[in-house]
Amino acid sequence: MSEQPPIPRPEQRPLPPAPGADQRRIVLPPHRERARRPRSVRVREWVRKNLFPSTGGTLLTLIAAGIMGAIVVGIVIFVFFGANWEVITHNRWLLFAGGFPHEEAWRLWVSIAVVFALIGAAYGTWSSFGRRDHLFVLLVGGFVIFLMAHGGAAIWSTVYFLIAIGCMYLGYAVTIWMPRETSTLRTFQQRVVGGLLAVSLPLVLIILLVGGEVGPRHLDGFVLNLILAPVGIVGGIVLGIPLALGRASRLRSISLTCTAYIEIVRGAPLLGWLFVALFILDDVIGGDLIIRAMVVMAVFTGAYMAEYIRGALQALPRGQYEAAQAVGLTELQRTRLIIMPQALRISIPPMVGQAISIWKDTTLVTVILPLRELKGNADSAIAQFEFTPDRIEAYVFVAVIFWIVAFAMSRISQRVERAQGVGER
Amino acid sequence: MSAQAPAPPSPSAGGPPPSDGVPLFYRRGFRRLLQQGLYVAVTGLVFWYVYDALNLREFGFGFLDEPAAFKVGNQWLTDIDGVTENRITMYLVGVWSSLRVVFVAILLSTLVGVLVGVSRLSSNWLVARLAMLYVEIFRNTPLLVQVVLVYAIFLVGAPIIQEVVNIGDFAFISNRGLAIPWPVPSDGLWGVPDWFVGVWVALLLAIGTVAMTIRRSRQNRERETGQPQFANRWAFGIFAVGALVTFIVLGLPVSIDRPYIEGTRYLEGMVIRPEFAALTIGLTLYTGAFNAEIVRGSIQALPTGQTEAANAIGLSGYQRLTLVILPQALRQMIPSITNQYLNVNKNSSLAYAVLYDDLFRVAGIIQNKAGHALEMFFVIIVTYMLISLVISAVMNFINARVTRVGV
């Protein structure tokens with residue numbers, strides 16, 4: 001071992017020979033080298049490499065361009081010439097809120113403003129709006145206003161919607177303006193916004209339903225989707241955490257029943273459970289059909305959430321359990337302070353996937369329950385005599401609306417993952 | 001699992017800690033007993049409440065044996081009249097309809113998934129964008145809306161049967177569905193009885209087995225000697241000749257029936273109804289988008305060295321994909337894809353929305369006629385679980401096959 005020559009310290013290394021004038025060319029890494037060339041050359045290179053690399057590649061590009069062109073032309077022709085969008089513009093309120101009384105519409109707008117403001121505040125606290133986010137808001141806002149502007153006056157609705165978007169940017173401005181350096185203030189801000197987010201669902205339900213002439217049975221149209229999905233998601237997480245812990249429990253009776261619950265619920269499709277809500281739960285818990293549907297949504301989502309959380313629990317390194325035990329935490333403290341925060345963080349991506357899934361599944365209440373959410377009210381719209389030929393238009397509209405929200409959810413989840421450092425560690 | 005370092009004996013594994021001197025209330029055994037006792041008591045109360053509320057005195061499956069008295073559409077290979085048959089038979093007809101949808105949708109969605117998933121990673125910018133567009137659109141819209149949209153396109157877009165699109169008297173397209181030719185048992189050369197079809201199919205199976213054995217042995221010889229033995233060509237040739245010879249010897253037991261139209265109905269041939277098509281296409285497009293993401297993820301999870309090595313030994317793009325990338329990615333993707341197949345099974349219940357008589361809809365009709373919601377739900381959930389079990393078993397078998405092959 002001692003025969004190895006001592007490694008020379010940096011300052012003792014012989015210096016490289018002083019570069020002569022002819023040797024001064026600096027060799028850059030390939031991507032920097034490419035970047036030095038003029039833009040037009042780079043564009044040409046990119047096009048050749050990515051679109052026309054070879055005969056086969058060129059053929060593929062042409063085919064793809066043909067397909068894409070056909071789709072775009074088809075969509076343009078359908079949207080601007082072939083389709084009769086009156087089925088939508090004529091039934092705006094039916095699709096949006098259905099049987100929700102007109103004179104109580106302020107409740108809807110206040111709820112939307114509150115939720116928008118909270119979204120803005122959350123963005124300002126944990127992330128920031130990028131150019132794409134502004135573009136998304138602009139496009140969606142433009143779409144909604146375009147919808148309102150067509151076929152009769154909806155000026156006040158437009159104004160209310162604009163105010164709601166204003167609330168979002170207000171919440172964003174206030175939170176992004178707060179100094180980020182002072183840690184106590186920042187912690188306080190995060191606690192406040194997080195707490196508000198946590199109580200936002202009950203808050204919205206209170207705004208919507210308490211006092212006045214409205215009850216759960218008035219939740220209708222798109223509003224019903226907007227309520228059912230969060231109830232399912234939040235209820236699912238609330239149920240899923242104890243179920244996951246229960247399934248992982250050492251106590252046999254607990255793990256057996258939790259496993260049975262999860263597997264049985266996952267065994268039947270959601271439609272089957274809505275069947276239960278309609279015909280069987282009536283005898284067990286009674287109440288309004290909408291309430292029963294909400295319970296079923298939460299129970300159903302809970303089983304799936306539990307599986308994702310269980311996966312995260314198993315993915316946690318054993319050392320976390322042992323370390324918690326070593327510092328003398330009780331089982332409850334260990335779960336609350338060490339295990340759950342990490343497990344929930346890991347399970348964010350699949351849980352968001354499940355949330356998007358339940359958002360799309362809110363349409364299923366129409367299929368066998370006499371409840372009318374957005375798709376159901378689209379059915380009512382095309383049941384009107386003058387709109388019977390416009391089925392495709394109505395369903396395309398419904399698909400677009402669902403797509404907008406689901407897409408926004410997936411984008412927000414990417415932000416959350418980045419902010420929480422999921423997958424980085 | 002991590003390296004097999006000698007773990008310190010954890011208290012849960014190393015027997016109970018000494019309990020002398022600890023008050024009874026704080027002993028672990030007593031604690032567990034207390035917790036379980038409380039838990040069992042509470043769950044028992046809930047169960048008792050539910051049991052009491054359900055009022056199970058009339059629980060029983062006798063009603064399934066009564067005459068069904070309703071029609072079940074969209075039958076294939078069966079033509080069972082619900083007026084005379086009992087309810088359980090009609091339910092089984094519904095199960096058969098579900099199985100067809102699930103099977104076709106699983107096959108097609110896998111194809112779409114592999115195609116789109118590979119396209120998403122294409123070096124061709126336009127193809128990759130097109131694939132991404134497809135995934136983002138179909139993953140983020142409800143399956144129900146996709147199914148009813150396809151159904152609406154069929155109903156609105158296809159012509160009525162009086163203005164049917166006739167493709168050379170060979171196939172017909174109208175809003176009653178797509179009618180195509182289909183093989184049926186025939187009289188053949190000398191009044192061949194129908195059961196000769198069964199004989200022929202059995203013979204085909206036997207010939208196929210022989211062909212596969214020969215293929216295997218030729219492959220082995222090729223591996224040993226290094227001389228090309230054309231295993232696939234031999235196997236295919238034997239099968240084709242065998243099938244033709246037996247077909248002629250048995251007196252042409254099968255003929256192709258071309259569909260025709262009488263009044264407003266399709267007769268003969270095979271009719272793909274709009275309900276079946278809408279449900280299957282919807283399921284395929286929706287699940288295909290998810291499968292594409294799974295395929296893409298599994299390919300991306302492979303080390304880049306695999307692609308580089310394949311390029312280095314001079315494989316073409318297609319060879320690289322089929323010989324190097326996909327076989328390895330398959331191992332990664334099978335568990336997630338299995339999950340998607342189980343979802344296809346459960347999502348096939350959306351047949352209800354387009355009035356396709358699958359098991360769920362037939363069960364709904366029975367419940368509508370006879371009541372007994374709890375029993376019907378029990379039947380439904382057991383059926384779905386059984387189908388799920390079969391899918392899982394098949395996929396586990398494939399998984400075992402795929403992971404067993406050494407690299």
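## Two interfaces in a predicted model

Chain B meets chain A through 45 residues, which are in contact with 43 residues of chain A (contact means C-beta atoms, placed from the backbone, within 7 Å). This is a predicted model, where local features need pLDDT of at least 70, side-chain atom pairs count only at pLDDT 80 or more, and totals for chains, interfaces and linings use all residues. Residues are numbered from 1 along each chain as its sequence is written, while chains are lettered from A and ligands numbered from 1 in the order in which they are written.

**Chain B against chain A**

- On chain B's side, the elements giving two or more residues are H1 (28–54), H3 (125–139), H4 (143–157), H9 (317–347), H10 (359–370) and H11 (373–404); helices here are DSSP runs of H or I, at least four residues, numbered from the N terminus.
- H1(B) gives the most to that side, with 9 residues.
- By class, chain B's side has 29 nonpolar, 14 polar and 2 charged residues (Ala, Val, Leu, Ile, Met, Phe, Trp, Tyr, Cys and Pro count as nonpolar, Asp, Glu, Lys and Arg as charged, and the others, Gly among them, as polar).

**Inside chain A**

- Chain A splits into domain 1 (39–82), domain 2 (86–100 + 214–425) and domain 3 (104–212), with bounds from an automatic or database domain assignment.
- The centres of domains 2 and 3 of chain A, taken over C-alpha atoms, are 22 Å apart.
- Domain 2 of chain A puts 16 residues in contact with 15 residues of domain 3 of chain A.
- On the domain 2 side, helices H4 (86–89), H10 (221–247) and H20 (391–420) of chain A each give two or more residues, and H20(A) has the largest share, 4 residues.
- That domain 2 side has 10 nonpolar, 3 polar and 3 charged residues.

Terms used: Two residues are in contact if their C-beta atoms, placed from the backbone, lie within 7 Å.
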